[in-house]
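Please look at the sequence and the model together, and keep both at hand while you read the paragraphs that follow.

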Amino acid sequence: MMSFFLWLFSHRKEQERAASSDRRATVLHDSVLFLLIFLAAILVCSALARLFDDNNPFAAPVFILAVALIARFTHGYAWGIAASALGVFCVNFMFTYPYWEFDMSIAGYPLTFTSMLLVSLSISTLTSRIKRQEQLRLEMEMEKMRANLLRSVSHDLRTPLASIVGSSSVLLEDEHLSDGQRAELLQSINRDARWLAQVTENILSITRFSGGVTLRKEDEVVEEVVSSAIVRFRKIHAALPVIVHRPEEILLAPMDATLIEQVIFNLLDNAAVHGKNASRIEISLFQEGDRVILRVTDDGCGFSKAALAHLFDGTLAGSGDGHRNMGIGLSVCQSIVRAHGGALSARNAAGGGACIEFWLPAGEEANHENAQE
């Protein structure tokens, strides 16, 4: 237990360092973007000034557009407000007669530039507010997921822990157990310990992208991530075959490979544990447009109508053994996929059994190769 809290403390420190690094990267990104968009606006207005012989009626709209772009693609209100004030100055100083002088004395200028400033500030404020509302929505979803996971885990951990304690106590205290009884108790301990390990993996997966830490995505070969998940799966369910249908071309997708591997493992484990009489699992990989799609199907019992309505909210009870909650893993899967900009869905397959699939945005190289074909 002490080692767990030490790990938790060190992990929190690591998250804080990562968050600090992300903040510095964000400021640098916003600064460069601010300069590039503003320089582009100046160049466009300069070109239009030459085209219209210095009578440039497009300067104000061009800089208002620049303000809107800066507010849209930077973080917070400060960049948009700064762009609004600087845009008004540039229009007056560089692109309004008398040129290269700041003059507000000509009739109509004060009203014109005041209107431009107000419009720019309004656009910047509205854009930042919309972005903030979207961020709050994502945070609410994350908080809901954490609450569901905590509720499910806190309830479901009791049964396997009690079973492990009880079985180990019997093994230690009862000297008259037969070899068969000892083997049965050891199998029970092993089964419950494996389930606890899987729950721990899901919790660790959530901590990797919660608390405001940005995902570190890189283009990965999807087939390699799938193979890693299958290797983990076969250590637990060696008797259940997994058939992979893959295209001839290499599929790339930007992802945190560890998290997506956890998603695939959860889907495979769900099919094995809750499929009931499933004799095989099939994984299909393919690309449609700018999406890489991964589909997991089995030939088991499929989902009931009641189960389909609550698959991803973390509240769905599983096989009825008291602790194998299908909703925990699938709720984690959905959150991870959404954090990658994709989506996850489930249905019953046409030929029987369950079908769960998710898509991720394709990598740039994969999109390029697809366009060439």
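Which residues of helix 5 are buried? The buried residues of helix 5 are Pro160, Ser167 and Leu171, where buried means under 20% relative accessible area, exposed means over 50%, and partly exposed is what lies in between, with a 1.4 Å probe and protein chains only. They cover an arc of only 40° around the axis, the arc being that of the directions from the helix axis to the C-beta atoms, and so they are on the same side of helix 5. On the other side of helix 5, Arg158, Ala162, Val165, Leu172 and Glu173 are exposed.

Before going further, note that this is a predicted model, in which local features need pLDDT of at least 70 and side-chain atom pairs count only at pLDDT 80 or more, while totals for chains, interfaces and linings use all residues. Residues are numbered from 1 along each chain as its sequence is written, and side-chain values use heavy atoms, with hydrogens and water left out.

The protein chain has 11 helices and 7 strands; these are DSSP runs numbered from the N terminus, with helices (H or I) having at least four residues and strands (E) at least two. Of the 373 residues in the protein chain, 40% are buried. A contact means heavy atoms within 4.5 Å, and among contacts between residues at least 6 apart in sequence, 71% join residues at least 24 apart. The accessible surface of the protein chain, computed by the Shrake-Rupley method with a 1.4 Å probe, where for residues only the protein chains shown count as cover, comes to about 21000 Å², and 60% of that surface belongs to carbon and sulfur atoms.

The lengths of two helices can be checked against an expected span, which is 1.5 Å times one less than the number of residues. Helix 5 runs over residues 158-173, and because its 16 residues should span 22 Å at 1.5 Å a residue, the 22 Å between its end C-alpha atoms agrees with the expectation. Helix 2, residues 59-73, has 15 residues that should span 21 Å, and its end C-alpha atoms are 21 Å apart, which agrees. The buried residues of helix 2 are Ala59, Val62, Phe63, Ile64, Ala66, Val67, Ile70 and Ala71.

Leu28 is found in helix 1, residues 2-51, and counts as exposed because its relative accessibility is 57%.

Side chains of opposite charge can pair when their charged atoms come close. A salt bridge is a side-chain nitrogen of Lys or Arg within 4 Å of a carboxyl oxygen of Asp or Glu, and the structure holds 6 salt bridges. In one of them, Arg280 pairs with Glu282, with the closest N and O atoms 2.8 Å apart; Glu282 is partly exposed, at 21% relative accessibility, and Arg280 is also partly exposed, at 34%. The side chains of Arg280 and Asp299 meet in a salt bridge as well, at 3.3 Å from N to O. Arg280 lies in the loop between helix 8 (257-274) and strand 4 (281-288), and Asp299 in the loop between strand 5 (291-298) and helix 9 (305-308), so the pair ties together parts that are 19 residues apart in sequence.

Another salt bridge joins the side chains of Arg295 and Glu357, at 2.6 Å from N to O. Because Arg295 lies in strand 5 and Glu357 in strand 7 (residues 354-361), this pair ties together parts that are 62 residues apart in sequence. Arg295 is partly exposed, with a relative accessible area of 24%, whereas Glu357 is buried, with 16%.

Finally, consider two buried places. Asp269, found in helix 8, counts as buried at 16% relative accessibility, and, leaving aside its neighbours within four places in sequence, Asp269 is in contact with Phe233 and His237. Gly302, in the loop between strand 5 and helix 9, is buried with a relative accessible area of 18%. Gly302 and Gly352 are 50 residues apart in sequence, and their C-alpha atoms are 6.4 Å apart in space.
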